[in-house]
Amino acid sequence: MRITNAWTVVCSPGRNFVTLVIETDAGLRGVGDATLNGRELAVASYLDDHVAALLIGRDPADIEDIWHGLYKGAYWRRGPVTMTAIGAVDVALWDLKGKALETPVYNLLGGRARRGVTVYGHANGATIDEAVEAARGYVDMGYRAVRIQSGLPGLEQPYGVGRGELYYEPAERGHPVEEVFEPGPYLRGVPRLFERARAELGWEVDLLHDAHHRLTPLEAAQLGKSLEPYRLLWLEDPVAAEAQESLRLVRNHTVTPIAIGEVFNTIFDTHQLIAEQLIDYIRTTVAHSGGLTHLVRVAHFAEVFHVRTGCHGPTDLSPVNLAASLHFQTAVHNFGLQEYMRHPDEAAEVFDVGYWFDDGMLHVSDRPGLGVELNEERAADFPYQPAYLPVARRRDGTVHSW
């Protein structure tokens with residue numbers, strides 16, 4: 001079997017997605033997610049203008065060799081655009097291999113390590129009352145874990161409060177919107193949010209919170225310490241992790257579990273955090289970290305140091321990525337928790353998926369490959385629409401991490 005063609009499909013069924021399609025002379029097609037929120041066309045160009053020609057004539061079964069060829073052969077390694085493009089190729093090849101062998105991808109990764117993938121939902125509200133009520137709705141639907149974000153006194157534009165039912169959509173079409181962030185109201189308000197959440201929701205549900213890279217190490221340590229009475233499953237992205245040693249201060253001052261890594265692209269971004277056990281959950285995602293081939297390496301490395309997986313998986317990645325994440329999380333032993341945001345209704349018209357939610361978990365079907373099929377004709381009815389993530393500023397106008 002040989003690759004005969006490869007192309008991208010860019011569409012916007014509720015939000016922008018980029019899907020890579022790889023076709024073979026056996027009539028099989030594999031799909032991979034190449035979506036990079038706010039920079040979608042950069043990845044599409046990388047694939048269409050540079051990578052596709054390198055795939056023609058290759059045996060799609062040679063996944064390892066193709067991965068290293070795209071990573072090392074380009075010389076200019078790493079970065080979100082390159083690794084998202086490689087990830088799309090890699091996932092499409094795993095999808096093809098599963099279809100060729102007539103077996104689900106998780107079987108190619110070692111088989112089932114569990115019967116389902118436990119997920120968490122996103123509860124948010126303009127006020128603490130609204131956020132806790134939204135969280136109660138997830139518990140009533142059978143979720144065992146809920147991330148909670150809310151507006152707080154003195155902080156009306158926090159991260160994590162946006163449009164959408166059962167999902168959170170921050171991207172805005174046209175120019176990016178600006179939000180205001182100040183650490184004082186945030187650090188005072190978040191413990192009140194979780195004090196209320198525990199009082200209302202009890203202790204049977206796991207609670208999570210995302211600081212979204214906005215705090216200094218000292219501020220993150222203070223927040224983690226103040227949240228200890230409420231036993232969070234994790235505090236996500238407490239600091240921007242480019243300076244990985246900054247997590248030492250956080251770790252030394254709180255036992256609140258730390259999850260980080262959604263903006264990481266390679267195992268080299270994770271090495272120090274995992275090897276020094278500065279985090280508890282690694283959140284690198286299939287799409288942005290070079291696909292399943294590379295993410296399996298990260299998971300196996302993390303398992304040695306008691307770090308569990310928790311793949312980033314919101315609606316800024318397509319159902320193709322979510323399916324790949326579920327196959328990955330079904331197979332790896334050190335699974336922790338999977339993020340699950342419902343895609344817009346229009347996405348179901350473009351992507352036919354083989355996974356479903358039940359009893360607080362997502363389950364993958366026995367369809368060959370990823371179990372996702374792309375309807376290109378329907379995708380053409382949802383043209384790409386430029387959109388950008390927000391920009392955060394302090395009250396004095398200084399640009400801050402969003």
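Modeller: Phe181 sits in the loop that runs between β7 (178–180) and α6. The model is predicted, and in it Phe181 has a relative accessible area of 1%. Phe181 counts as buried because that value falls under the 20% limit. Setting aside neighbours within four places in sequence, Phe181 is in contact with Leu155, Tyr186, Arg214, Leu215, Arg393, Arg394, Arg395 and His400. As for distance, Ala26 is 155 residues away from Phe181 along the chain, and 54 Å separates the C-alpha atoms of the two.

Tyr186 is among the residues nearest the centre of the largest cavity, together with Gln149, Pro158, Tyr159 and His209. How many cavities of 30 Å³ or more does a search of the whole structure find? The search finds one. The space in the largest cavity is about 80 Å³, and 14 residues line it. At least two lining residues come from each of β5 (145–150), α6 (183–201) and β8 (206–210). Helix α6 has the largest share, with three residues. By type, the lining of this cavity holds nine nonpolar, three polar and two charged residues.

Tyr186 also belongs to the largest nonpolar core, which has 110 residues. Along with Ile22, Leu47, Val89, Ile148 and Phe194, Tyr186 is one of the residues that touch the most other members. Helix α3 gives the most to this core, 10 residues. In soluble globular proteins, nonpolar side chains tend to be buried together. Ile22 shows what such a place looks like in detail: leaving out residues up to four places away in sequence, Ile22 touches residues including Ile3, Leu28, Leu55, Val89, Ala92, Leu93 and Leu96. The list for Ile22 also has Asn5, Ala6, Arg29 and Gly30. Another core lies apart from the largest one and has eight residues, among them Tyr120, Trp234, Ala259 and Tyr281.

In α2 (residues 63–72), the buried residues are Ile63, Ile66, Trp67, Leu70 and Tyr71. These residues are on the same side of α2, because the arc they cover around the axis is only 125°. An α-helix has 3.6 residues a turn, so residues three or four places apart point the same way. Among the elements that cover the buried residues of α2 are α1 (40–55), α3 (80–101), α9 (267–275) and α10 (291–304).

The largest pocket contains about 980 Å³ of space. It is lined by 37 residues, and those closest to its centre are His212, Glu262, Val263, Leu389 and Trp402. Its lining is made up of 16 nonpolar, 11 polar and 10 charged residues.

For the second largest pocket, the volume is about 290 Å³. Of its 15 lining residues, Tyr340, Arg342, His343, Pro344 and Ala348 lie nearest the centre. The lining of the second largest pocket divides into 11 nonpolar residues, one polar and three charged.

Key:
Residues are numbered from 1 along each chain as its sequence is written. This is a predicted model: local features need pLDDT of at least 70, side-chain atom pairs count only at pLDDT 80 or more; totals for chains, interfaces and linings use all residues. Side-chain values use heavy atoms; hydrogens and water are left out. Buried means under 20% relative accessible area, exposed over 50%, partly exposed in between (1.4 Å probe, protein chains only). Helices (H or I, at least four residues) and strands (E, at least two) are DSSP runs, numbered from the N terminus. The arc is that of the directions from the helix axis to the C-beta atoms. Contact means heavy atoms within 4.5 Å. On a 1 Å grid over the protein atoms alone, a cavity is a set of points where a 1.4 Å probe fits but cannot get out, and a pocket is an open set with protein on both sides within 12 Å along at least five of seven lines; lining residues have an atom within 4 Å of a point. Grid points are joined across faces, edges and corners, and a volume is the space filled by probe spheres set on the points. Ala, Val, Leu, Ile, Met, Phe, Trp, Tyr, Cys and Pro count as nonpolar, Asp, Glu, Lys and Arg as charged, and the others, Gly among them, as polar. A nonpolar core is a set of buried Ala, Val, Leu, Ile, Met, Phe, Trp, Tyr and Cys residues joined through side-chain atoms within 4.5 Å.
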